[in-house]
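Below are a few notes from a colleague's read-through, to go with the structure.

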Amino acid sequence: PPELDSTINRILASHKTVRGVMICSREGPIIRQAGSAFEGDLGKKYAVGVKKVVDSCKAGLIDDVFGGTGGESASVGFQWLDELKFLRIRTKRHELMITPDERYLLIVIQDPTQ
């Protein structure tokens with residue numbers, strides 16, 4: 001939708017430290033991406049990496065009713081200990097802000113040095 005594109009462009013224009021914004025499906029492809037941080041194949045690499053991190057964090061929030069936390073058998077019988085709402089990861093060059101949803105991931109990359 002055009003309003004989604006305008007919102008992404010507004011974020012990039014109004015926040016000078018933001019290097020990229022990406023919205024991707026939890027199960028599949030990138031829906032929208034913009035910014036220099038996601039040029040070329042970098043968008044796909046970030047999407048795959050962020051999905052792995054989010055899945056790992058969510059796995060740590062599962063309590064296996066058969067005895068362990070985040071175990072392999074958690075899919076058989078489990079309960080959520082908590083809900084993942086926001087992740088912030090800082091590297092030497094970038095800061096990733098990730099908002100996971102059941103259907104989508106919002107990924108914003110900014111340059112924290114500026």
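This is a predicted model: local features need pLDDT of at least 70, side-chain atom pairs count only at pLDDT 80 or more; totals for chains, interfaces and linings use all residues.

1. Where does Arg-26 sit in the chain? Its place is the loop between β1 (18-25) and β2 (30-34). Although Arg-26 is a loop residue, it counts as buried because its relative accessible area is 16%, and the cut-off for buried is under 20%.

2. The side chains of Arg-26 and Asp-55 are joined by a polar contact of 2.9 Å.

3. Now to Arg-88, which belongs to strand β6 (residues 87-90). Beyond its neighbours within four places in sequence, Arg-88 is in contact with Glu-95, Leu-96, Met-97 and Gln-110. With Glu-95 there is a side-chain to side-chain polar contact of 2.9 Å.

4. In sequence, Ile-98 is ten residues from Arg-88, while the C-alpha atoms of the two are 6.3 Å apart in space.

5. Finally, the aromatic rings. How many aromatic pairs does a search of the whole structure find? The search finds one. The pair is formed by Phe-38 and Tyr-46 in an edge-to-face arrangement, with 5.6 Å from centre to centre and 85° between the planes. Phe-38 and Tyr-46 are both buried.

How values were computed
Residues are numbered from 1 along each chain as its sequence is written. Side-chain values use heavy atoms; hydrogens and water are left out. Helices (H or I, at least four residues) and strands (E, at least two) are DSSP runs, numbered from the N terminus. Buried means under 20% relative accessible area, exposed over 50%, partly exposed in between (1.4 Å probe, protein chains only). A polar contact is a pair of N or O atoms within 3.5 Å; within protein, one must be able to donate a hydrogen and the other to accept it, and residues adjacent in sequence count only if both atoms are side-chain atoms. Contact means heavy atoms within 4.5 Å. Rings of Phe, Tyr and Trp (its six-membered ring) pair if their centres lie within 6.5 Å; planes under 30 degrees apart count as stacked, over 60 as edge-to-face and the rest as tilted.
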